[in-house]
Amino acid sequence: MRTVRSFRLRSRASMLALAGVAAVACTASMLPKLGWTVDVAAQEAKPAAPEAKQGAPEAKPGAPAAKPALQPLPDTPTSLKQVRAFPNLRFRRPIVLTHAPDGSDRVFVASQLGAIQVFPNDPDVKETQVSTFIDLEDRVIYKDKENEEGLLGLVFHPKFKENGQFFVYYTTRSAPHTSVVSRFRTVPGDLTKGDPASEEELLRIPQPYWNHNGGGLAIGPDGYLYIALGDGGFKDDPHGHGQNLETLLGSILRIDVNRKDAGKNYAIPADNPFRETPKAQPEIYAYGFRNVWGMAFDSATGLLWAADVGQDLWEEIDIVVKGGNYGWKLREATHKFKDGSDARPDLVEPVWEYHHDIGKSITGGFVYRGKNLPDLVGCYLYADYVSGKVWALKLDEKTRKPIANYAIQDTKMPIIAFGADSRGEAYLTDSFGQIWTIGK
Ligand SMILES: [Ca+2]
């Protein structure tokens, strides 16, 4: 099996100290900042970048008071802890953790390098019990220095048990900086083996740069496949993809994988919002995103939640509605971005944001509906890749205003993904290859 043997824990103490202070103060200080691109590279390549920020000033008293449209709450401490879930296992960049809707209670882990592995949902599971579901490394490209490419998304068809179908988002070796979304099938009659030869390409999307590929896949309550795309990079969305309906980039797409329109391996749903808009890409469901990293439907409410990674100052969490414009690059969370825009009725504001003195790159999770953690039922789990903090956000069900932001006692790991097993229990993965859950 694929494992990472050289587990390196870089100096994160300084980040933590900083994040701890920030969490208490929870105010908007004006730290100098690095973009996501730089941060990712820094995270992997150099140890001590955050030290420089130790002495950064808190919000200047004389500065014009920013009045965000939504007030972040201070963290609510909890006794819940981030704990290892399958301590005998380690994977190479486990970018997706999920389950198949087939009653098997298996856990699937997709490596960003291209292999999808599967194992029984048992905390004591051993490496010998892990098997390869499908290995796509022959067509997936991944480089540590361009680490937003690779296999980025995996979701199973709701009728997987009957049809063996699953969907994968990956960066292909066959063209530079190009995202592919494909349907695969299992070997007939064997739900334990994906068939690499079964690939049926649905979408092929050229990207201008290696970063901001999004990559999340989800199946909605409507049975359609949702695909999260970033703005294509690099910084400042130089091509204006976020606000451009003529490109798929900067959007969340929605396609029907159970029908085919002429010339396509999928169909456009009849009520897709921009289907009749001249020049618009009909696959677009919502737009104005920078780099959605974590997209999931709430299994109870059917709401679509997405975390959008910020650039300069703010990370955000969105509830995504059909046809919504989520603001990038006019807005960064609830703030005007550069020469962008003040709040406007046609730009959907996030339900939550946090400042870059708390964390610098959001990893979105999902609304917890499991049984092990009754206090977190209905809360949206999320983390910050850079500061390693983990939270559970509670919104008022009616007003959708935040009422609590519970802090999970984290381990400062660079969290790259959340996932759920067949019972809705929550898992986190880190870039060193470990899988975590939340314990009491
Ligand atoms: Ca936004």
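User: How many bridges join E4 to strand E5, and in which sense do the two run?

Analyst: Here is the general idea to start with: strands of a sheet pair through backbone hydrogen bonds, either parallel or antiparallel. In this predicted model, E4 and strand E5 (residues 131–135) run antiparallel and are joined by four bridges.

User: What pairs with E4 besides that, for instance strand E3?

Analyst: Strand E3 (residues 106–111) and E4 also pair, in the antiparallel sense, over five bridges. Val107 has Phe119 in E4 as its bridge partner. The two strands E3 and E4 form a hairpin with three residues between them. In that turn, find Gly114, whose phi is positive, about 130 degrees.

User: Why is strand E4 described as largely enclosed?

Analyst: Count its buried residues. Five of the six residues of strand E4 (residues 115–120) are buried, so the rest of the structure largely encloses this strand.

User: How do I read the order of a sheet, and which strands stand at the edges of the one that holds E6?

Analyst: Read the strands across the sheet, from neighbour to neighbour. Here four strands make an open sheet in the order E6-E7-E8-E9, with antiparallel pairing. At its edges stand strand E6 (151–156) and strand E9 (194–206); each has a single partner strand, so one side of each is left without a neighbour in the sheet. On average, neighbouring strands of this sheet are turned by 20 degrees against each other, direction ignored. Between E6 and strand E7 (residues 165–171) there are five bridges, and the two run antiparallel. Gly153, for example, stands opposite Tyr169 in E7.

User: In what order do the strands of the eight-strand sheet come?

Analyst: That open sheet has the order E20-E21-E22-E23-E1-E26-E25-E24, and its pairing is mixed. Its edge strands, each pairing on one side only, are strand E20 (362–367) and strand E24 (415–420). The twist from one strand to the next averages 30 degrees. Look inside the sheet at strand E1 (residues 76–84) and strand E26 (residues 435–439): they run antiparallel and are joined by four bridges. Gln82 has Ile438 in E26 as its bridge partner.

User: Which residues touch the most other members of the largest nonpolar core?

Analyst: In soluble globular proteins, nonpolar side chains tend to be buried together. In this model, the largest nonpolar core has 105 residues, and Tyr226, Ile227 and Ile252 touch the most other members. Leaving aside neighbours within four places in sequence, Tyr226 is in contact with residues including Leu217, Ile252, Tyr285, Met295 and Leu304.

Technical notes
Residues are numbered from 1 along each chain as its sequence is written. This is a predicted model: local features need pLDDT of at least 70, side-chain atom pairs count only at pLDDT 80 or more; totals for chains, interfaces and linings use all residues. A nonpolar core is a set of buried Ala, Val, Leu, Ile, Met, Phe, Trp, Tyr and Cys residues joined through C-beta atoms within 7 Å. A residue is buried if 20 or more other C-beta atoms lie within 10 Å of its own, exposed if 12 or fewer, and partly exposed in between; C-beta atoms are placed from the backbone. Two residues are in contact if their C-beta atoms, placed from the backbone, lie within 7 Å. Two strands pair if DSSP finds at least two bridges between them. Axes are lines fitted to C-alpha atoms, for helices over the stretch in contact, and angles run from 0 to 180 degrees between N-to-C directions.
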